[in-house]
Amino acid sequence: MPAATRSSGTSSPAISRPFAPEAEPMNFEFSDEQVMLRDSLSRLLDQRYAFELRRRIMAGQAETGIWSELVDMGIVAMPLPEACGGLGGSASDIVAISELFGRHLVIEPLLPSVILTGRALARFDPAGPVPQWIADIGTGALRGAFAHEEGSGTGASSTLSTKLYEGEAGPRIRGSKKLVLGGGEAGVLLISALSETKAVCLAAVPADAEGIEVRRYRALDGRPVADILLHDVAVDRAAIMAGADAELEALLADARLALAAEAVGAMAVLMATTADFAGTREQFGRPIGSFQAIAHRLADMKIAYVKARASLLYIAALADSGRATSRDISVLKAQVGRLGRETAQGAVQIHGGIGMTDELPVGHYLKHILTIDGLFGNTDYHLREIGRVVAAA
């Protein structure tokens, strides 16, 4: 699928690059094809993923079958390379879709199964079971999960302790993973590990392989996650990628970009619903939005949203052109984490106590934003990373 259109025209605002004043200004706007895709996806989610239905899905009381519709629309195949039967989606394609997922609090496994596992497997040598796994992920017949986090909350490869070693009958893997997105529903697990020479490796194994223990639960925002214990699990040698430092960093960048897009989508809803509430809720015979303190709070929320979305679109454009660095991704994750938290807290404060009730979406969006901030490095972690890079420059 073509990347977003970027030109030097005057139809869209220029966004200056943080920390790089020497770089040329860039314009960004979604391509016509992306706009049409977003329109179609918005209509589907408006019709099939209303808030009340989502609550019933999370409670196990409803099944929409929306995953198969996402497959039919090409959403599931979009992020995969064309050589693997996908549509060759770019970073801006992922942002265009993930932002809408955030608006509707979608918990379908596009990120863990396709954006992370499917795209990573496409970088493996096409041997053994890998090609079939990719094909099945692209058709939605198989779900994948990226098992990486081990408890540090940062995603840094330096925190890995899971071991990939040579057993008597071939390679085996041993360790434990935490907060694996979609780990309980996956058919194949993509596992990060260290080899006996301390090299970063990625290994894919069937989720029902002997020695795998899965403990399912839900994250704060309701998305299914799992802790996974690996008890000397046998690994197909054809499903191992050794020396995978660059591939792991690319995976983490994809995850952080997609999650930032989800957070920005959630911020948009919080901004709109809170403004509506402040314009209709009255005290002392006046809408509360007319009070100075509330008006200023709404202005702060609007500024935070605009800043977060501008950062998102700019970093997506950099990623499309192959110019996004790990520092750029950290700037985005930290920026969206801090601004998202400010927006969500502002929305809850303006709504008052009802903002945290389960019946109102506001609290759900707050939990969604807080969960996103905690995945693959929170705001504090990425601020430290930015500071470390700046200090070393």
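## A buried threonine

A residue counts as buried when its relative accessible area is under 20%. This is a predicted model, and in it Thr-274 comes in at 0%, so it is buried. You'll find Thr-274 in helix 7. Leaving aside residues up to four places away in sequence, Thr-274 touches Leu-298, Met-301, Ala-347, Ile-350 and His-351.

## Helix 7 meets helix 10

Stay with helix 7, which covers residues 245-280, and look at how it packs with helix 10, residues 361-374: the angle is about 155 degrees and the axes sit 10 Å apart. Angles over 145 degrees count as roughly antiparallel, and helix 7 and helix 10 are therefore roughly antiparallel to each other. The crossing is left-handed.

Who touches whom here? On the helix 7 side, the residues are Leu-259, Glu-262, Ala-263, Ala-266, Met-267, Val-269 and Leu-270; they meet Val-362, Tyr-365, His-368, Ile-369 and Ile-372 of helix 10.

Now for helix 1, residues 32-48.

Which residues of helix 1 are buried? They are Gln-34, Leu-37, Arg-38, Leu-41, Leu-44 and Leu-45. Looking down the axis of helix 1, these buried residues fall within an arc of 130 degrees, so they line one face of the helix.

The buried residues of helix 1 pack against helix 3 (66-73), helix 4 (91-103) and helix 8 (292-320). Over on the other side of helix 1, Asp-32, Met-36, Asp-46 and Gln-47 are exposed.

Key. Residues numbered from 1 in each chain as written. Predicted model: local features only at pLDDT ≥ 70, side-chain atom pairs only at ≥ 80, totals over all residues. Heavy atoms only, no water. Buried < 20%, exposed > 50% of the residue type's maximum accessible area, 1.4 Å probe, protein only. Helix = DSSP H or I, 4+ residues; strand = E, 2+ residues; numbered from the N terminus. Arc of directions from axis to C-beta. Contact = heavy atoms within 4.5 Å. Axes fitted to C-alpha atoms, helices over the stretch in contact; angles between N-to-C directions. Parallel < 35°, antiparallel > 145°, perpendicular 65-115°, else oblique. Left-handed = near helix turned anticlockwise from the far one by under 90°.
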